[in-house]
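The following note is meant for a colleague who is meeting this structure for the first time. Its points are numbered so that each may be checked against the model.

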Amino acid sequence: MKKPLALSLVAASSLLASPTLLAKEQQASYRPSPFTISASRITTGTAEVGNQGNELQRDQWMFDAKASMPINRQWSIGAGIGYDNLDYDWRSPSLKDNTQTWDKIERYRASLSLSYRPNKNWMFIFAPKLQYAYANTASSSNAESYGAVLSGMYRFDSGNMLGFGVAYLNDIDEVRTVPFLAVNWQITENLKLGNPFSAGFSGPAGLELSYQLSSDWNVGLGTSKRTNRFLIADEKQTAEIEEWVSFARVGWDISRSVSVNAYAGYFFNGELELNPQNTNENIDNQGAAALDVTFKF
């Protein structure tokens, strides 16, 4: 899930009409914080892997810290770091070649971003990324991945934005490109279409249709393809889980500084690939749940 399912859209407070002049002045003077930190917890149901009675249940913690700031009217920069802890609970004898001995995965992430607005309509973003993802059976020194995301968006007179992007990723022992649609479209006063995730090693940005119920509550429905690739042993032995996820989200803006999002999700069309054995095992569909808490300061 946002990161894999934990990342989400929060409606801007500037869309809400205040009943008094004082509230309007306070709202007009409000500026979003350039610093955010978030913590997410994701858990999945038990799914059968392959046809040999193997089962897998996954839990994941995700922690992120991000900052952004404008340089001038045209340029802005940003940076982010993240740490993920993945717990893979195998509940059956073994996969091929006993590779199920890996059950703890750590992932460290870092990124920069540079945004350029040549005029009032166009915006271009370049974001290099670095990641280390490895199981407890492998060394971190061999688990490096790097790449970059490039996107361009056009802003219409209505304020809606639409564009296209591509992520070039030199992942562990594999190079791949991930195209994605970049969108920020206010369909009605309360209904919005946007990207729930950041494009990168975990997949494209996805799509989410969200609805603002009130000044504090919003809901959303979304979907995206997700990828998790990590080193399970030295000499470039990797495991990759590729799957789709659909989700329903409920968001609560507790204050301008704190927001909480709860998710109910469903993973489907999953596949586990082991290399260099080049073996593939289907993963049964399974339900999932997640909770994300974000702080702005």
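1. By class, the lining of the second largest cavity comprises one nonpolar, four polar and four charged residues. In this count Ala, Val, Leu, Ile, Met, Phe, Trp, Tyr, Cys and Pro are nonpolar, Asp, Glu, Lys and Arg are charged, and the others, Gly among them, are polar. The lining residues are Arg-107, Gln-131, Asp-171, Arg-176, Phe-201, Ser-202, Thr-227, Asn-228 and Arg-229. A cavity is a set of points on a 1 Å grid over the protein atoms alone where a 1.4 Å probe fits but cannot get out, and lining residues have an atom within 4 Å of a point.

2. The model is predicted: local features need pLDDT of at least 70 and side-chain atom pairs count only at pLDDT 80 or more, whereas totals for chains, interfaces and linings use all residues. Residues are numbered from 1 along each chain as its sequence is written, and side-chain values use heavy atoms, with hydrogens and water left out.

3. The space in the second largest cavity is about 40 Å³, a volume being the space filled by probe spheres set on the grid points, which are joined across faces, edges and corners. Strand β12 (residues 217-233) gives the most to this lining, with three residues.

4. Asn-228, one of the lining residues, lies in strand β12. Asn-228 is buried, because its relative accessible area is 5% (buried means under 20%, exposed over 50%, and partly exposed in between, with a 1.4 Å probe and protein chains only). The side chains of Asn-228 and Arg-107 are joined by a polar contact of 2.6 Å. Such a contact is a pair of N or O atoms within 3.5 Å; within protein, one must be able to donate a hydrogen and the other to accept it, and residues adjacent in sequence count only if both atoms are side-chain atoms.

5. The chain as a whole has one helix and 16 strands. Helices (H or I, at least four residues) and strands (E, at least two) are DSSP runs numbered from the N terminus. Of its 297 residues, 43% count as buried.

6. Strand β3 (residues 54-70) runs antiparallel to β1 (residues 35-44), with nine bridges between them; two strands pair if DSSP finds at least two bridges between them. One of the bridge partners here is Asp-59 in β3, which faces Thr-43 as its partner. β3 is also antiparallel to β2 (residues 47-49), through three bridges, and to β4 (residues 75-90), through 15 bridges. Glu-48 has Glu-55 in β3 as its bridge partner, and Arg-58 has Tyr-88 in β4.

7. Which residue in the turn of the β2 and β3 hairpin has a positive phi? The residue is Gly-50, at about 75°, and four residues separate the two strands. A hairpin of four residues also joins β3 to β4.

8. Some backbone values deserve attention. Most residues other than glycine have a negative phi, and most peptide bonds are trans. Asp-173, however, has a positive phi near 60° and lies in the loop between β8 (161-171) and β9 (174-186). Asn-269 has a positive phi near 55°; this residue is placed in strand β14 and is exposed, because its relative accessible area is 56%. A cis peptide bond, with omega about 10°, joins Asn-275 and Pro-276, and Pro-276 is found in the loop between β14 (258-275) and β15.

Technical notes
1 Å grid on protein atoms, 1.4 Å probe; cavity = no way out; pocket = protein on both sides within 12 Å on 5 of 7 lines; lining within 4 Å.
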